[in-house]
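Subject: A structure for you to explore

Hi,

I am handing over a structure that I have been going through, and I would like you to have a look at it too. Open it first, then read my notes beside it.

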Amino acid sequence: MEEKYIRAKAPCKYYGKCGGCQLQHLTNDSQNLYKQNYINRLMSGFGKVNDLIFMEEPYEYRNKMHISFGYGPKGKLIAGMYEINSHRIIDIDQCMIQDPIGYEIVKTIKQIMKKYKMEPYDEDTGQGFLRHVLIKSGYKTGEVMVVLVVSDRMFHGSNNFVKILRKKHPQIETVILNVNDKDTSMILGDYEKTIYGKGFIVDELCGINFRISAKSFYQVNPKQAEVLYEKALEMAEFKGDERIIDAYCGIGTITLAASKYVKEAIGVELNSDAVRDAIKNKKYNAIKNVEFINDDAGSFMEYMASKNEKFDAVIMDPPRSGSDEVFLSSLLRLEPEKIIYISCNPETQKRDLDFLTKQGYLVKKIQPVDMFPQTDHVECIALLQREIM
Ligand code: SAH
């Protein structure tokens with residue numbers, strides 16, 4: 001029998017309406033127990049599941065915030081997240097899991113919009129200017145990026161807008177204009193222009209500096225990302241002479257963190273903006289034994305296998321949909337001794353582990369890590385070892 005969960009009063013006034021969090025009605029201990037039970041149920045068929053690594057201070061951890069703008073009842077300017085399963089905006093002035101700088105900046109943007117009569121975009125009519133704001137903040141550096149997603153390239157008064165914004169929030173290092181003039185639920189459009197600063201922010205993770213662009217993936221909970229990466233590298237038990245691949249490498253966070261422990265690492269990533277950041281990050285940190293490739297991870301590994309290249313380990317951290325057949329079959333052809341599979345969706349991870357364990361791999365360790373307190377998401381690391389046939 002599983003232990004009972006203890007209910008709590010959700011601290012956030014928008015809980016239940018906003019879809020961002022799902023577990024605020026449980027105490028933090030019960031949330032941890034819920035996540036542990038979930039991973040145990042899913043993964044115990046592969047062996048013992050380690051205790052969940054939870055977050056001591058499970059609030060204000062998110063470093064990325066998407067806010068939509070519109071009109072509410074009586075023509076009031078509103079800004080916030082969408083209600084669950086809808087495109088109705090909830091007007092928020094606070095978010096418990098977010099770095100507070102995010103909604104402080106949103107408050108200022110609302111004031112500027114009112115003062116200068118800047119219209120929010122209306123999805124139904126296609127009228128108006130400001131659609132969304134994306135705010136990213138560096139956890140260690142405090143640097144902030146503001147991306148204004150607008151419907152038109154012409155932004156009269158942009159200098160003044162930036163000046164007022166920066167006067168109130170000097171942490172803003174860069175402001176980017178992103179144009180999204182399509183009838184779409186995607187947030188960012190293709191066209192991008194830096195209207196203030198260098199076009200990226202820098203943050204530090206595992207002692208390495210990372211540059212982060214508007215469109216490249218960066219872990220939303222950097223404090224726990226350090227814990228996750230260190231745990232994954234500890235589980236890998238590298239000796240220093242290994243040649244490894246870091247598949248789905250994003251801006252190269254894991255690849256560069258792993259470079260200290262191995263002889264050579266290759267990071268592979270599909271998103272070209274992220275790879276550009278990864279290459280800059282390598283240079284910036286003067287790391288020599290790393291290379292980045294802009295390709296589909298599966299195709300690249302197929303190619304490596306066809307060239308008879310050998311790798312001791314593959315680290316993989318795919319998106320929520322998990323891995324695909326091309327990737328998994330290329331993995332089998334490459335035959336690395338170890339696979340370190342990091343996943344933000346344990347359901348697809350289990351599916352992939354089912355496949356790999358039928359094809360000569362054994363799951364040696366399973367480690368859940370909570371990267372997303374208050375939500376029902378949980379990250380999971382699995383270490384696989386190739387069986388000697
Ligand atoms: N390991 C990184 C990024 C993980 S997110 C980190 O911890 O920061 C998953 C990444 O996989 C994203 O950057 C996404 O762009 C990339 N991706 C998605 N499909 C891919 C594919 N088929 N091949 C290579 N990379 C892919």
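Below are my notes on the ligand, the aromatic rings and some residues in loops.

Before you start, please keep in mind that this is a predicted model.

For A297, the atom is an N or O of the backbone, and it lies 2.9 Å from a nitrogen atom of the ligand. T253 also takes part: a polar atom of its side chain is 3.1 Å from a ligand oxygen. As for how covered the ligand is, it would expose 580 Å² taken alone, and the protein buries 86% of that area.

**Pairs of aromatic rings**

Next, have a look at the aromatic side chains. A search through the whole structure gives four aromatic pairs. In one of them, the ring centres of F129 and F155 are 5.2 Å apart and the ring planes make an angle of 50 degrees, so this pair is tilted.

Where do F129 and F155 sit in the chain? F129 is in the loop between helix 2 (101–116) and strand 3 (130–137), while F155 is in the loop between strand 4 (144–150) and helix 3 (158–168). The pair thus links distant parts of the chain, 26 residues apart. Both F129 and F155 are buried. Ring pairs also bring in F161, which forms a cluster with F129 and F155.

Another pair to find is Y248 with F327. Their ring centres are 5.2 Å apart and their planes meet at 45 degrees, so this pair is tilted. Y248 belongs to the loop between strand 9 (243–247) and helix 5 (253–258), and F327 to helix 8 (residues 325–334), so the pair ties together parts that are 79 residues apart in sequence. Is F327 buried or exposed? F327 is buried, as its relative accessible area is 0%.

**Charges over rings**

R153 lies over the face of Y191, and its distance from the ring centre is 3.6 Å. In the case of R211, the charged end sits over the ring of F200, at 4.1 Å from the centre of that ring.

**Residues in loops**

Now for some loops. S213 has its place in the loop between strand 8 (208–212) and helix 4 (222–236). S213 counts as buried because its relative accessibility is 5%, and the cut-off for buried is under 20%. The S213 side chain also makes a polar contact of 2.8 Å with the side chain of D277.

K74 is not a glycine, yet its phi is positive, near 60 degrees. You will find K74 in the loop between strand 1 (64–71) and strand 2 (77–80), and K74 is exposed, with a relative accessible area of 89%. Q374 is not a glycine either, and its phi is positive at about 80 degrees. Q374 lies in the loop between strand 14 (361–369) and strand 15 (379–386), where Q374 is buried, with a relative accessible area of 0%.

Q98, in the loop between strand 2 and helix 2, counts as buried at 3% relative accessibility. Q98 and Y59 are 39 residues apart along the chain, and their C-alpha atoms are separated by 7.2 Å. F311 is in the loop between helix 7 (297–306) and strand 12 (313–316) and counts as buried at 5% relative accessibility. F311 and I266 are 45 residues apart along the chain, with 9.9 Å between their C-alpha atoms.

Enjoy exploring!

Best wishes

Definitions and conventions. Residues are numbered from 1 along each chain as its sequence is written. This is a predicted model: local features need pLDDT of at least 70, side-chain atom pairs count only at pLDDT 80 or more; totals for chains, interfaces and linings use all residues. Side-chain values use heavy atoms; hydrogens and water are left out. Rings of Phe, Tyr and Trp (its six-membered ring) pair if their centres lie within 6.5 Å; planes under 30 degrees apart count as stacked, over 60 as edge-to-face and the rest as tilted. Helices (H or I, at least four residues) and strands (E, at least two) are DSSP runs, numbered from the N terminus. Buried means under 20% relative accessible area, exposed over 50%, partly exposed in between (1.4 Å probe, protein chains only). A charge sits over a ring if NZ of Lys or CZ of Arg is within 6 Å of the ring centre and within 35 degrees of the ring normal. A polar contact is a pair of N or O atoms within 3.5 Å; within protein, one must be able to donate a hydrogen and the other to accept it, and residues adjacent in sequence count only if both atoms are side-chain atoms. Accessible areas come from the Shrake-Rupley method with a 1.4 Å probe; for residues, only the protein chains shown count as cover.
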